[in-house]
Each structure stands twice: as C-alpha cells, then as structure tokens.
Amino acid sequence: MAGKWGQAVYGIYRAAGRAISPFLYIHWRRLRGLEHQSRWPERFGRPTAPRPPGPLIWFHAVSLGEGLAIIPVIKHCLLENPSLLVLMTTTTVSAFEVIKNRLPNSVIYQFAPVDTPMAMENFLVYWNPIAVILMESEVWPNLIISASRKGIEVALLNARMSCNSFKRWSLKISRPLISLLLSKFSLIVALNTAQAVRYQLLNAPPFIINFAGDLKYVGGLQLSQSENKSIEGLKLQLNDRPVWMAASIHKSEAEVMISVHKELAMAFPNLITIIVMRHPQHGKQLAQALQKRGMLVALRSKSEMVSPCIHVYVVDTLGELGMLFRVTPIAVIGGSFQSGLSGHNFSEAAAAGCAVLTGPHLGHFSRMLTEMKQVDSLSVLQVKGKEELVDALKQLLSRAELLEARQKSAKLAFSTVSNGVVKNVWKLVNNHCLGGRQAIGLNLKP
C-alpha cells in the first residue's frame, strides 16, 4: 500500500512538472543573472558536448561547496579507472566559474537539467550513465525514478537532511514519496549517525546506509602557478603587517567584522583586515559604504594594491579562498555570527595552516568542529560573539607562540580527520554501484 501511495504522489509531482513551464522559470533566473548566458539550454537536458563511447558515471552537486567536495572523488575514480568517462554537473553559475578550472581535463562538465520529466529524460537518454552519484541532499524525484527505471545505479554521498527537511518529508502526504525515492538508491553514505537515523526513519533500506567520513574535509587543493604568484604578490604588499581574514562573510555579518576591525586597529594601528564576502556582489557595496565613512579600502576585483595606508582589503571574487588562506595566518569563518545562518566549511582554512575561529551558529558543521577538537582542542576556536572574537584576535595578533600553536593544531586535526575519506567513499561506490561492471569491459578498482 505504501508503494502505491508513493507512486500516486510521484504521479502528481510528474504531472505538475509537465504542466508548469520550466522555460518561464529558467527565463526568470536568466533575468536575475542566475543562469549562464550562453549555456542555459543545458538546463533543459540539451547537451553542448559530444558523448564519447564507453561507460560513463554522472557526478552531480548543486553548488560550489558540494562541487569542490566531490572533486577528490572524481580524481580518485579516474586515477584508478582511467578508461572510465566522467560527467560532472552543477546548478549554479558561481560553481561553474570556479569548478571548470579545477576538474581534470577529461571530465565533461555541463549544467544540471531541471527536474522535469522531459528535461531529465533527454539528459539520461543522451548521456546514458551507468551510475549517478549525488551530493548531500539532492533527492530529485524525476531524476531518481527515471534512472531507476533505466537500470542506472544511484548513490547519495555526504548524505544529510536538516531537521526542517525531515519534518516536511515526514508529513502524511510526502512520506510515501520519499520512501519510494529512497528505495531506489543503491548507496547512501550518511554524514553521521544522526543523519543515518533520519534516512532509516523515512524507510531507507538499512543495508544501503554506510559511513565513510565527511567529504567536505576537502582542503589542500593544488594551486596553479598564477595563484602561487598571487600569494607572493599579496605577501609583498602586506609587508609583514598584522593581518587577519574574515572569510565567507554574509551581508548581515559585515558590520560585525568592521566593528571588530575598528577595535583591533586601536591596539594594532598597522592592522590590515581582509574581508571575503560570501556573495561577490556584496563586496563592492561594502567597499563603497566603508569609503563613505572615510576608511581606506582596496577592492580585489579592481586589482587595487594593498598599499601601507589601506585599512581593509575587500575580496569580491569567486574561487580564491584556497589561495587567500595561504596569505593570512588567521581565518575567521563567516556564516556563523548571525542567527539564522548555519556556518561554512572551515576545513580548507585548517588545511592551509591558519588559526581557525568561528562563531556560535554552525548548523551541521558543528559535527566538523567536534571531530577536529577531539583530535586537538586548539584546532578550532568557537567564540560566542563579537566581544570574544575581539579578545581572541588580540591574543593571536600579540602572542606569536599562541598563534603558531593554533596553526599547527588546525593542520594536524585536518590531516587526521581527512585521512582515507576519499578512498573509503570510492570503495563504497565501487562495491554498491559498480559491482559486476567487469562484464562491460571496465576493470574497476576499489
């Protein structure tokens, strides 16, 4: 009976997808600058690249953070199985602009189709993958049901479900649908035990739920020659001045960081504060607002120099955090200083050897905090608010031995918790989704 109800609810979802024009939705997003100006037809399942012959795996992540986290798995997959074809998709333009330069050359990169019956059917028929690997919470009905009907294996990596999502899926009208969808997965790699319990309570088969660690311990991305030159150039401009960086800062947090800068500047007159906005368009607005207050600001997108008189360096570009973490000894991670936000990944800052600080609002990143602090209690410092942040930064900027201890602790904790995660994930994918593929001539290695 539950299966019949699930099929009925899916039928309603599918009918709604046919009735509502995805063209109007994509056109609305194009007008807001949320779709790629030339590659938007890919969102309807229309390919812009040839499909080479051979078995192909489709990896999908919605946005930048999830996309960066899956890249090490893709690289490991190709290292072990160089004859395998890999298709990568993301949804957001910001992810596309960064990830396109970080993928191996052999990877085909497209925008993901919207989850309508026709778009998904076009996409799956053309690319014909042997497996679909989804990241985190990408549970789309047409994708999953269509793939299952075609005999395509489906996996969910770094699987997580927020409390609100769990409550919505637990409703009488939606529970049959999620139960149906979860029954189609070959593998769910849960982020932690609490997440695994939520999937089981929604009737995911227990034997498909596994653990391998958090793929967002991604860090250590190899820097290009131009990025290394940028690091050296910025270090020369900073000229050994006291420096700290506020990374992934939301618009609502900017005033907090500026207030912290002002208090620190009274104790460290030569201080330079680097602010990396979460959304680049807010960077220019922040720079203009600070200049109106009489502060001297340099803007990254304009290639402005960090001269000795500059107070604040505003970074309004995408994909440069990995490089910037190697310029500053101290990284304060945003998305955590305002209620309603839920933190951001701080593992890359730890991997780069920064002293890492974060605010009280961490969401699911609280698990990452716990794991790293279990390895070394000095690895990440969580502060309750602005006053504690100011005090902590004063300590780090004035005590070289404390700063060095926290830098070493962060790097050690990252190295420990990230060890083996990618290999463990790929072994699960190989065993649950690609077993028996030798029959098609592919020598898959774990």
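Is Glu35 buried or exposed? Hi everyone, let me start there. Glu35 counts as buried, with a relative accessibility of 2%; buried here means under 20% relative accessible area, exposed means over 50%, and partly exposed lies in between, using a 1.4 Å probe and protein chains only.

Before going on, a word on the model. This is a predicted model, where local features need pLDDT of at least 70 and side-chain atom pairs count only at pLDDT 80 or more, while totals for chains, interfaces and linings use all residues. Residues are numbered from 1 along each chain as its sequence is written, and side-chain values use heavy atoms, with hydrogens and water left out.

Back to Glu35, then. Glu35 makes a salt bridge with Arg43, and their closest N and O atoms are 3.1 Å apart. By salt bridge I mean a side-chain nitrogen of Lys or Arg within 4 Å of a carboxyl oxygen of Asp or Glu. Arg43 is buried as well, at a relative accessible area of 4%. A network of salt bridges links Arg29, Glu35 and Arg43. With that rule, the count of salt bridges comes to 14.

Two others are worth a look on your screens. Lys386 and Glu263 meet through their side chains in a salt bridge, at 3.0 Å from N to O. Lys386 sits in helix α16 (residues 386–398) and Glu263 in helix α11, so this pair ties together parts that are 123 residues apart in sequence. Helices are DSSP runs of H or I with at least four residues, strands are runs of E with at least two, and both are numbered from the N terminus. Lys386 is partly exposed at 23% relative accessible area, and Glu263 is partly exposed at 27%.

The other pair is Arg367 and Glu371, with closest N and O atoms 3.2 Å apart. These two are four residues apart in helix α15 (residues 366–375), which means about one helical turn separates them. Arg367 is partly exposed, with a relative accessible area of 40%.

Now, the sheet. How many strands form the open sheet? Seven strands do, in the order β10-β11-β9-β8-β12-β13-β14, and the pairing is parallel. Two strands pair if DSSP finds at least two bridges between them. At the edges are β10 (297–299) and β14 (380–382), each of which pairs on one side only. Neighbouring strands are turned by 20 degrees against each other on average, direction ignored. For the angles, axes are lines fitted to C-alpha atoms, for helices over the stretch in contact, and angles run from 0 to 180 degrees between N-to-C directions.

Let's walk along it from β8, residues 243–249, where seven of the seven residues are buried. Five bridges join β8 to the parallel strand β9 (residues 272–277), and Ile249 has Met277 as its bridge partner there. The chain gets from β8 to β9 through helix α11 (residues 254–267), in a right-handed β-α-β crossover. Right-handed means that, with the strands pointing away from the viewer, the path from the first strand over the helix to the second runs clockwise. Strand β8 also runs parallel to β12 (residues 330–333), joined by three bridges, and Ala246 stands opposite Val332 in β12.

Contact means heavy atoms within 4.5 Å.

In the loop between α12 and β10 you'll find Leu296, which counts as partly exposed at 37% relative accessibility. Leaving out residues up to four places away in sequence, Leu296 touches Cys309, Ile310, His311 and Val312.

Last topic, the nonpolar core. Which residues have the most contacts inside the largest one? They are Phe59, Met88 and Leu157, in a core of 40 residues. Such a core is a set of buried Ala, Val, Leu, Ile, Met, Phe, Trp, Tyr and Cys residues joined through side-chain atoms within 4.5 Å. Helix α3 (residues 64–80) gives the largest share of this core, nine residues. Beyond four places away in sequence, Phe59 touches several residues, including Ile70, Met88 and Trp426.
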